[in-house]
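Please look over the structure shown here before reading the notes that follow.

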Amino acid sequence: MPEGHLVHRYADEQHEALAGRVVRAASPQGRFDARPYDGRVVEGVEALGKHLLYWLEGAPPIHVHLGMRGLFLQYDDPAAEPRKGTRLRLATGEAAFDLIAPARCEPMDERAVAALRAATGPDPLRPDLRPDPLRPDAASATALDPNRDTVSATARDTVWDTVGGQVWGTVRDTVREEAVRRLLAARTAVGAAVLDQSVWSGIGNAWRAELLFLTGLDPGARDIGAEAAGRLWDTAVHYLALGRDAGQVVSDPGAPDERWVYKRERCRRCGAAVRTWTLASRTAYACPADQHLQAL
């Protein structure tokens, strides 16, 4: 399943190519009704964890989740023949994007979008943003109300939102605090919590393995405390951005094609045999020497 770094990369590429342009929308496979979207202007393409939202003027947003098999094909020639299995094609005069084998491709009404946002935890690739559902562009970012996971309008980077007489600083800090709170509230092994998309969104098994290695935490660790939770969040923010820009998991910028423990027999740092077991229905990987059940 594509993890959050790839979903954000797809959103960035498609937003750059489609936003502000009229698109021809079609479903060569015939399993999506593209007629309400054909000939409309794309307002934006938004990534939310592992989810994509396509905003088109005068039409309900399109929700896409790639699942285990979904993928995009991009054509520089918009007249190129699509594959028969293409669920959705969005094309301008310069390019076409074909969506193939997604788990979900569906229109969403306002209530469904709100429910999706409510069910999705903080996204490391949106550390300073929370979107306004009516304004898909990043410049309309909003701050989290600290009393509830909702939004109140503000400027993009620095927010001065007075709630109950207290001034709340940057959106980035507020989202970080919410990420730490959710992780600690999960009351389960940290390796299970980070895969729960209602805790943090966009993290999959490869990132779980590498981020926990980078922060020295065993996937089975519990009650790691706020300092270690914040350190893990900061690590996710930094490395997922590297992965988005590279188009792959990057846990060592000096050797971007290598991994520390994920799908390795031995730890690349110390050579110890990598321990594997099933955690939250996925294979967990850990170095017994470099990762610990107690936060250091």
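**Helix packing and nonpolar cores**

In this predicted model, the axes of helix α1 (residues 4–18) and helix α6 (residues 225–246) come within 8 Å and cross at roughly 50 degrees.

**The contact of α1 with α6**

- The crossing in which α1 passes α6 is right-handed.
- On the α1 side, the residues taking part are His5, His8, Arg9 and Asp12, and they meet Leu240, Gly243, Arg244, Asp245 and Ala246 of α6.

**The nonpolar cores**

- The largest nonpolar core has 39 residues, and of these Leu183, Val190, Trp200, Leu211, Ile224 and Leu232 touch the most other members.
- Two or more residues of this core come from each of the elements α3 (171–185), α4 (190–193), α5 (205–214) and α6, and it is α6 that gives the most, with nine residues.
- Val190, when residues up to four places away in sequence are not counted, touches Leu183, Leu212, Asp218, Pro219, Ala221, Ile224 and Leu232.
- Another core, of 28 residues, lies apart from the largest one, and among its members are Tyr10, Ala17, Phe72 and Phe97.

Conventions. Residues numbered from 1 in each chain as written. Predicted model: local features only at pLDDT ≥ 70, side-chain atom pairs only at ≥ 80, totals over all residues. Heavy atoms only, no water. Axes fitted to C-alpha atoms, helices over the stretch in contact; angles between N-to-C directions. Helix = DSSP H or I, 4+ residues; strand = E, 2+ residues; numbered from the N terminus. Left-handed = near helix turned anticlockwise from the far one by under 90°. Contact = heavy atoms within 4.5 Å. Core = buried A, V, L, I, M, F, W, Y, C linked by side-chain atoms within 4.5 Å. Buried < 20%, exposed > 50% of the residue type's maximum accessible area, 1.4 Å probe, protein only.
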